Amino acid sequence: MKRGYRRLAATISLAAMAVMLAGCGDKMGVLNPKGTVGKEQLDLIMISTVLCLIIVVPTIVMAFWIAWKYRIKRKQKADYDPEWSHSTKIEAFMWGIPVLIIIVLAGVTIHYTYKLEPSKPLESEHEPITIQVASLDWKWLFLYPEQGIATVNYLQFPEDVPVRFELTSDAPMNSFWIPQLGGQIYTMSGMAMKLHLIADEPGEYYGSGANFSGEHFGEMNFIAKATSQEEFDQWVQEVKDGSEALTQEGYNELALPGVTEELSFSSFPEGLFDWIVVKYGSGGHSGHSATEAESDSAESGEGSDEHAGHAAALPAGQSETETGSEQHAHH
């Protein structure tokens, strides 16, 4: 191929790449964060990328430069030294810089790992709102214990207010993720995880399950809508006035495998979230739950009595559950 055609092909390829990447900012949520946690995580991504490019770019350039310099050509001017076997300068350059990069990268990662610990409450002048999340087959159930309402596949909360998510699963393991607000965290049966997020501005953010969980995994999506406090209060009142209550029988039916559209409920059985957690408390899962509860209590300063209190407030008529909650409290 002639030189002119090669340059033309390279120019077209770069132009096509630039056009395709131009719209990625809004589509790729992690690159367009709208919350404090998401912005911190983007900083970590950018710092890590720059540190890696310090190694990657020179390596790629040298690969092409060496191939060109030592190409077979009658008049090539490169030295021919077949006996050469070692260079201290080259060894120090090739190994010293990557080692330094790895040390710096490790330090930065450790710093952000502790700073962005999911169970760590966010600093804010506003009191956090608690939303309990249960991943089902194949839908998301959101419980608002302070407002007394529940929704399915739809999430709404006030902007600039920290959201304390408590997460569990009443189905196969999944992963709760709102890319523009922060990283994902797993939902697991028999365990209650915590995740703190905040939205800095109003908007509708894409949320999904980030862990494959079966046939309709791809439909486990939801909208996380951040609004003003007034709009949130109005929405809560509308749900209370215009929706039916979620009964225990209704939940049992909802938890069956299947997909559904967005739903809302004016109330739900007291202690439903704790019941979902401790229903898997017997057998091998109980130890994990107890450990998690103790860890969460130590981090949040909440006593184990509170957890036991939640477990005691379980839906009526669940005798096996009550037994499980007592075991959980004892652990």
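## Close-up views of the predicted model

Asp-200 is partly exposed, at a relative accessible area of 23% (buried is under 20%, exposed over 50% and partly exposed in between, with a 1.4 Å probe and protein chains only). The structure is a predicted model, in which local features need pLDDT of at least 70 and side-chain atom pairs count only at pLDDT 80 or more, while totals for chains, interfaces and linings use all residues. Residues are numbered from 1 along each chain as its sequence is written, and side-chain values use heavy atoms, with hydrogens and water left out.

**View A. Salt bridge between Lys-39 and Asp-200.** The closest N and O atoms of Lys-39 and Asp-200 are 3.3 Å apart (a salt bridge is a side-chain nitrogen of Lys or Arg within 4 Å of a carboxyl oxygen of Asp or Glu). Lys-39 belongs to helix α3 and Asp-200 to the loop between β8 and β9, so this pair ties together parts that are 161 residues apart in sequence. Helices (H or I, at least four residues) and strands (E, at least two) are DSSP runs, numbered from the N terminus. Lys-39 is partly exposed, with a relative accessible area of 38%.

**View B. Salt bridge between Lys-34 and Glu-201.** In this pair the closest N and O atoms are 3.6 Å apart. Because Lys-34 lies in the loop between α2 (24-27) and α3, and Glu-201 in the loop between β8 and β9 (203-209), the pair ties together parts that are 167 residues apart in sequence. Lys-34 is buried at 19% relative accessible area, whereas Glu-201 is partly exposed at 35%. In the whole structure, a search finds five salt bridges.

**View C. Salt bridge between Lys-115 and Glu-40.** The side chains of the two residues meet at 3.1 Å, N to O. Lys-115 is in helix α4 and Glu-40 in helix α3, so the pair ties together parts that are 75 residues apart in sequence. Glu-40 is buried, with a relative accessible area of 18%, while Lys-115 counts as partly exposed at 37%.

**View D. Helix α3, residues 36-69.** The 34 residues of α3 reach 49 Å from the first C-alpha to the last, close to the 50 Å expected at 1.5 Å a residue (the expected span is 1.5 Å times one less than the number of residues). At Leu-53 the helix bends by about 35°, the bend being the angle between axes fitted to the seven residues ending there and the seven starting there. Buried residues of α3 include Val-37, Gly-38, Leu-42 and Leu-51. The buried residues of this helix pack against α4 (88-115) and β8 (193-197).

**View E. Surroundings of Lys-120.** Lys-120 is placed in the loop between α4 and β1 (129-136) and is partly exposed, with a relative accessible area of 43%. Neighbours within four places in sequence aside, Lys-120 is in contact with Tyr-114, Lys-115 and His-196 (contact means heavy atoms within 4.5 Å). Lys-120 and Lys-194 are 74 residues apart in sequence and 8.5 Å apart in space, C-alpha to C-alpha.

**View F. Largest nonpolar core, with 38 residues.** Ile-131, Phe-142, Leu-155, Phe-157, Phe-165 and Phe-176 have the most contacts inside this core. Helix α5 (residues 229-242) gives the most to the core, with four residues. A second, separate core of 18 residues includes Ala-134, Leu-141, Val-152 and Ala-192. A nonpolar core is a set of buried Ala, Val, Leu, Ile, Met, Phe, Trp, Tyr and Cys residues joined through side-chain atoms within 4.5 Å.
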